[in-house]
Amino acid sequence: MENDNKKLFFRLLFAFLISRAAFVIIYFVARAIMNTNDSFEVMFGRWDALRYINLAEHGYTLPVVPNEPQNNWAFFPLYPLLCMGLRFITFGIIPTFYIGMIISNVCIFAAAFLAVKTVRMTGLTKNERDFYVRPNPDGNKVTDFFNGIFKDGMLIAWFMFMGPFTMYMGTAYTEGTYILFIVLSFFLMKKRRFFLAGLAVAGAGATRNMGVLLVVPLLIEMYTDWIHTTGRRNIFRFIGHIFATPVKLLSVIITPIGTFSYMLFLYFFCGDALAFKNVQIAWRTEEHFPIIGVLADAIGMKSDIYHKLLGWVCIGAIAIFIYMLIRKMYSEAVFGGLTLAVPLTSAVMSTPRFITGDYVIWLGAYDILARQNHVGRVITCSAFAAVEVVLTYMWISGNVGMI
């Protein structure tokens, strides 16, 4: 087991370093094309990164301008707190942007490690078709390494490092930390360590407002385990079983602690426990009929190309979640659907970021692509990486900020 973990670590490190080298190359290409001397921090520290940097340096503040609609209450505290902690132990020597990048990159690397472990543990790798069929009779370690970088669940790690919209996981955004808690919670659920999974859900809830919804997958996994153990399917008996099992009951009860703690802070700080929700209107001013109306408007004849693209990304995600339900990935599919439905109550803006940051979309994509042959996987992965390169360039050049 230790040897397997070591092999996985170095294979992940290889993929991770390639993806981060791509960041650096895109930066220099963008500087040349734009004819600018902007620093890496300026170009990769755009949009919400500036807010997280400010939170890590100054904490939550009341609006400087009276009735200022956009303020930092919308951003949950755990990621800025981690940045504060690392700034403290490094005596403020490292600029806050790079502190945020360090935390995000460590978190996404750890998340990818656990994601591959989860895929292997749940047996999804049995669906993989042979990627490399060349024999290796001499046992050459270098050949073994390169033969294994796309096998045994590694594909999901490549998606998390270089899939579309994954640039957020590598900069001073909360996505890397959030996705780590999601992957950790699913990993622990699959191992039937429900109390620890509940703590991971609480961590996710302190990182992003959607994190608390992981309580639904937790209950689904508990129900699945109960069916497997007892052979029963009566939902009311299952509820009774939860209340009769203190550890499981506590596992559910602790899940909203992260979210409730932030709500309690906001209540005393600004008098509104739901301030994180109420300030969202400053970013989402469009009015639509929830979900159906939002998607219909996004792909309608009168919508612009920007909203059309985002609308079709959401529809594609819904299709993958339906596929996951068919493949009996119930807890993951339900979580993906819930976390997509909430932002679609108002607009498609930023939904690709939310979709990719919820992890489960990559699990569905992995299961689909694992069944392809060698050529199909290479083409698809290359296409994903090419899209990510274009999106990253657009993002750091300031052309697209709400993807």
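Mentor: Contact here means heavy atoms within 4.5 Å. The model is predicted.

Trainee: Which residues does T392 touch, not counting residues up to four places away in sequence?

Mentor: Start with its place: T392 lies in helix α20. Then leave out residues up to four places away in sequence. What T392 touches is F23, I26, F44 and M167.

Trainee: Is T392 buried or exposed?

Mentor: Buried means under 20% relative accessible area. T392 has a relative accessible area of 0%, so T392 is buried.

Trainee: Which element gives the most to the lining of the second largest pocket?

Mentor: That pocket holds about 570 Å³ of space. The elements that give two or more residues to its lining are α16 (305–326), α18 (351–357), α19 (360–369) and α20 (374–396). With 8 residues, the one that gives the most is α16.

Trainee: How many charged residues are in the lining of the second largest pocket?

Mentor: The lining has 22 residues, and P164, F165, V313, P352 and V387 lie nearest the pocket centre. By class, 20 are nonpolar and 2 are polar. Of charged residues there are none.

Trainee: Which residues is Y359 in contact with, leaving aside its neighbours within four places in sequence?

Mentor: Y359 is among the residues with the most contacts inside the core. Leave aside the neighbours within four places in sequence. The contacts of Y359 are then A115, I156, M160, I179, I182, V183 and F186.

Note on methods:
Residues numbered from 1 in each chain as written. Predicted model: local features only at pLDDT ≥ 70, side-chain atom pairs only at ≥ 80, totals over all residues. Heavy atoms only, no water. 1 Å grid on protein atoms, 1.4 Å probe; cavity = no way out; pocket = protein on both sides within 12 Å on 5 of 7 lines; lining within 4 Å. Points joined across faces, edges and corners; volume = space filled by probe spheres on them. Helix = DSSP H or I, 4+ residues; strand = E, 2+ residues; numbered from the N terminus. Nonpolar A, V, L, I, M, F, W, Y, C, P; charged D, E, K, R; others polar. Core = buried A, V, L, I, M, F, W, Y, C linked by side-chain atoms within 4.5 Å. Buried < 20%, exposed > 50% of the residue type's maximum accessible area, 1.4 Å probe, protein only.
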